[in-house]
Amino acid sequence: MFTAQLRQALAFVAQRGRSLFGPPRRSSPTSSIENLALDLLSERGEATSMARADAIVRLYGSLSKEQRELFHLFLALNFLPEATRLKAAAKAYLNAATPETVAELALASEPPRQELIRRMNVAPGATALLVRMREELLAGLEKQPQLKPLEQDLRRLLASWFNRGFLTLKRIDWSSSAAVLEKVIAYEAVHEIRGWDDLRRRLAPDRRCFAFFHPALPDEPLIFVEVALCQGLASKIAPLLSASAPAEDPTEADTAIFYSISNCQPGLRGISFGNFLIKQVVEELRAELPGLKRFATLSPVPGFRRWLGEQASAGSDSELPAAALDINWASAERVSPAIKAVLQRLLATYLTASNAGKGPEDPVAHFHLGNGARLERLHWAANMSPRGIAESLGMMVNYVYEPKTIEDNHEQFAAAGRVARSAEVEDLLKKPSRNGNGKPNGREQQAVSPS
């Protein structure tokens with residue numbers, strides 16, 4: 001594990017090693033960093049190796065975007081496995097699939113680029129640089145698909161370096177460093193934090209914020225969750241976000257509501273921490289506040305309105321008139337009860353679809369259901385912010401994490417896309433009576449027309 005003393009020691013070794021280089025070569029920054037990478041891979045001395053890695057990190061930080069792209073291409077198109085050894089290993093494996101031939105094939109197929117990245121990572125600040133490098137690669141893959149091998153190598157290595165065993169769970173509160181608090185404001189991805197007063201309320205005694213940290217990035221949260229301690233299931237987001245709402249006594253709470261989970265590092269996309277985070281936070285809260293009996297979310301449904309539009313465009317048989325989507329949602333409380341009922345039924349359908357065993361396509365639903373939660377309740381006019389209306393017509397849902405059923409729920413979801421749901425959600429899925437031609441009866445047809 002990295003400590004401040006260890007980082008200082010590594011920096012000292014790198015500095016001493018740079019004296020072994022001799023005078024720097026005169027060349028462009030791009031060719032210089034390429035030469036350093038080639039030298040680093042062939043280097044055997046530890047001090048010199050660390051110095052070269054340190055030089056790469058420093059030089060990379062000074063490159064322009066165009067120069068970085070050239071370096072990325074250099075890494076992606078070179079440092080390939082040795083073809084003769086790989087062919088021989090593949091042939092030996094096909095002739096006899098033994099533990100020895102499998103091991104040799106694995107070694108022969110690993111590109112030297114992975115060893116280069118490992119050697120780069122010994123330099124101070126290299127881990128953060130490699131995370132940023134992958135972020136840049138992910139953003140440019142569509143235009144430069146030849147960078148995919150480099151991105152895949154980085155993903156494999158980062159997944160190993162950022163596995164759960166290296167992460168530390170920390171509570172963030174008002175006494176946390178200003179650097180960390182500023183990151184929380186900047187990285188909040190679900191419900192924007194509007195300045196320091198807003199953040200102070202979210203860190204009040206009846207609120208909790210927990211984050212995972214990695215020792216190589218001590219002031220950089222990887223992912224954090226915000227929790228409201230309250231009585232009963234929360235049905236609207238506004239009271240939880242109100243900066244002026246008085247703080248309640250947390251010892252009186254019987255429910256912990258997870259209302260925001262934010263991934264902070266785009267360069268770690270696809271490396272999941274959220275399932276570990278929620279489970280560990282549940283254990284932390286149960287130990288601190290024994291009065292908590294229920295752990296649930298108040299979650300957005302970011303894909304619902306888009307899905308409704310796709311259904312309409314595809315000509316799917318929908319009970320909802322197209323005009324209903326053009327309602328003035330600022331007055332959602334006055335929407336026809338029949339339209340409200342139809343929309344809630346469609347939302348329940350969207351969130352429980354098995355999709356050929358893959359489960360619902362909504363990313364938030366997929367995350368919580370895949371972690372073993374139960375779809376508990378749907379709430380009308382729960383998030384009337386512009387974003388909430390644009391994504392889900394203002395509706396939100398509760399997912400409940402019940403320790404006794406988490407594993408069973410997870411297994412059924414993973415195996416067949418089956419969504420664990422409450423009786424209340426099951427009732428919403430029941431369609432009203434229809435007449436002989438499959439359409440709503442006359443009274444229902446009139447009721448669902450927007451007013």
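What percentage of the 451 residues in the protein chain is buried? Buried residues make up 46%, where buried means under 20% relative accessible area with a 1.4 Å probe, protein chains only.

This is a predicted model: local features need pLDDT of at least 70, side-chain atom pairs count only at pLDDT 80 or more, and totals for chains, interfaces and linings use all residues. Residues are numbered from 1 along each chain as its sequence is written, and side-chain values use heavy atoms, without hydrogens and water.

**View 1. The whole protein chain.** The chain has 20 helices and seven strands. These are DSSP runs, with helices (H or I) of at least four residues and strands (E) of at least two, numbered from the N terminus. Among contacts with a separation of 6 or more, 75% join residues 24 or more positions apart. Contact means heavy atoms within 4.5 Å.

**View 2. Helix 5 against helix 6.** The axes of helix 5 (residues 83–95) and helix 6 (residues 99–109) come within 9 Å and cross at roughly 155 degrees. Axes are lines fitted to C-alpha atoms over the stretch in contact, with angles from 0 to 180 degrees between N-to-C directions. The two helices are therefore roughly antiparallel, a term for angles over 145 degrees. Residues making the contact include Leu86 and Tyr93 of helix 5, and Val102 and Leu105 of helix 6.

**View 3. Phenylalanine 162.** This residue lies in the loop between helix 9 (148–161) and strand 1 (168–171). Phenylalanine 162 is buried, with a relative accessible area of 1%. Beyond its neighbours within four places in sequence, phenylalanine 162 is in contact with residues including Thr127, His214, Leu268 and Phe273.

Methods. Parallel < 35°, antiparallel > 145°, perpendicular 65-115°, else oblique. Buried < 20%, exposed > 50% of the residue type's maximum accessible area, 1.4 Å probe, protein only.
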